[in-house]
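Good morning, colleagues. Please bring up the sequence and the structure, and I shall take you through selected elements in turn.

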Amino acid sequence: MASTGLFVGMVTLDLVYLSTKLPSSNEKITASDYTVAAGGPATNAAVTFSYLGNIEVRPKGDLLALGGAHLSKILGVVGINPITKLIRSDLTSHGVIIADLDPANPQPPPVSSIIVTESTGDRAVISINATKIQASTTQIPQDLDLMVDVVLIDGHQMVVSNAIAKFAKTHHIPVVIDGGSWKPGFETILPYVDYAICSANFYPPGCCGQQEVMAYLLDAGIPHIAITQGEKPIQYRSLGVSGEVPVPQIQAVDTLGAGDVFHGAFCHYILQKEFTDALGAAAKVATNSCQFFGTRRWMEKDIEN
């Protein structure tokens, strides 16, 4: 089914290294592998949404997904710094259209440096968030088509996200939030949200445990809520019904971006399935991605096979 997804939030450049260990103070180590890709929660979700919607119609070995079943757009700040050529190339090759909130910005994009530990798949990340590149509603491209099938918000562009969420609510477009962590301003968006997909590290003000988080989100009027817990079952509450969805068990190679993949997959499946079924299907995709190094190789492997 042809669908369009709009993903609002952070666009970064990720430099990812695979290593046997993290460096100690004043130590230099050599990585066994590395990869460079566009990153950010909304960005990786957009790539996943595009991939899942286009894999069945894309010829094997062809990563150029534009023109397939899904249209995926990332609304964020990219700009014209030479570094952004790497971002643009990666997203174009994965069928993601960039709607730039600041197309004349000469500053370098946020760059994340990431070390993945070979033995565990755990990752250590140092990066800068989007606090220095916040956009206003006047910067939303005038030619941006907002009549989409689903909107995902990662919380890194709150003012723009608020306007998009309001529009979506008015036009009955489902809104999903990526609640990786609480960010000031989320409280203004929650009344427009249909699906809150949060991590175990998402703590709204005054909340100390999972039940308090659920209660907070319910009080905001969100009908469908899920809290992911890594390899542990996903806890959910949907239209008054609570339960859990199991997560496949694997030996992880790399957990980087697994949450982003989950959110992009959820946006894909929620257009086809019931809430809990969409959670289960997204969990399978995210788990599969953890068996490959980096945020893209799991897709390349699927195409090869």
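Predicted model: local features only at pLDDT ≥ 70, side-chain atom pairs only at ≥ 80, totals over all residues.

Let us step back into the helix itself. H3 covers residues 158–170, 13 residues in total. From its first C-alpha to its last it reaches 18 Å, close to the 18 Å expected at 1.5 Å a residue. Which residues of H3 are buried? They are Met-158, Val-160, Ser-161, Asn-162, Ile-164, Ala-165 and Ala-168. The cover over these buried residues includes strands E1, E4 (70–76), E8 and E9 (175–179), together with helix H4 (186–189).

Nine strands form an open sheet with mixed pairing, in the order E5-E4-E1-E8-E9-E10-E11-E12-E13. At the edges are E5 (96–100) and E13 (241–245), each of which pairs on one side only. From one strand to the next, the twist averages 20°. Within the sheet, E1 (residues 3–8) and E8 (residues 150–153) pair in the parallel sense over four bridges. There, Gly-5 stands opposite Val-150 in E8.

Next, a residue in a loop. Ser-136 is located between strand E7 (123–126) and E8. Is Ser-136 buried, exposed or partly exposed? Its relative accessibility is 28%, and Ser-136 therefore counts as partly exposed. Apart from neighbours within four places in sequence, Ser-136 is in contact with Val-159 and Val-160; of these, Val-160 is among the buried residues of H3. The side chains of Ser-136 and Thr-138 are joined by a polar contact of 2.7 Å. As for Phe-167, 31 residues away along the chain, its C-alpha atom is separated from that of Ser-136 by 15 Å.

I now move to helix H5, residues 210–219, whose buried residues are Val-213, Met-214 and Leu-217. Viewed down the axis of H5, these fall within an arc of 100°, so they line one face of the helix. They pack against E10, E11 and E12. The face turned away from the buried side carries the exposed residues Gln-211 and Asp-219. After H5 comes Gly-221, with a positive phi near 90°.

Lastly, helix H7 (residues 275–289) lies across E10 (195–199), E11 (224–229), E12 (232–238) and E13, and runs at about 155° to E12.

Thank you for your attention.

Methods: Residues numbered from 1 in each chain as written. Heavy atoms only, no water. Pairing = 2+ DSSP bridges. Helix = DSSP H or I, 4+ residues; strand = E, 2+ residues; numbered from the N terminus. Axes fitted to C-alpha atoms, helices over the stretch in contact; angles between N-to-C directions. Contact = heavy atoms within 4.5 Å. Expected span 1.5 Å × (residues − 1). Buried < 20%, exposed > 50% of the residue type's maximum accessible area, 1.4 Å probe, protein only. Polar contact = N/O pair within 3.5 Å; in protein donor to acceptor, adjacent residues only side chain to side chain. Arc of directions from axis to C-beta.
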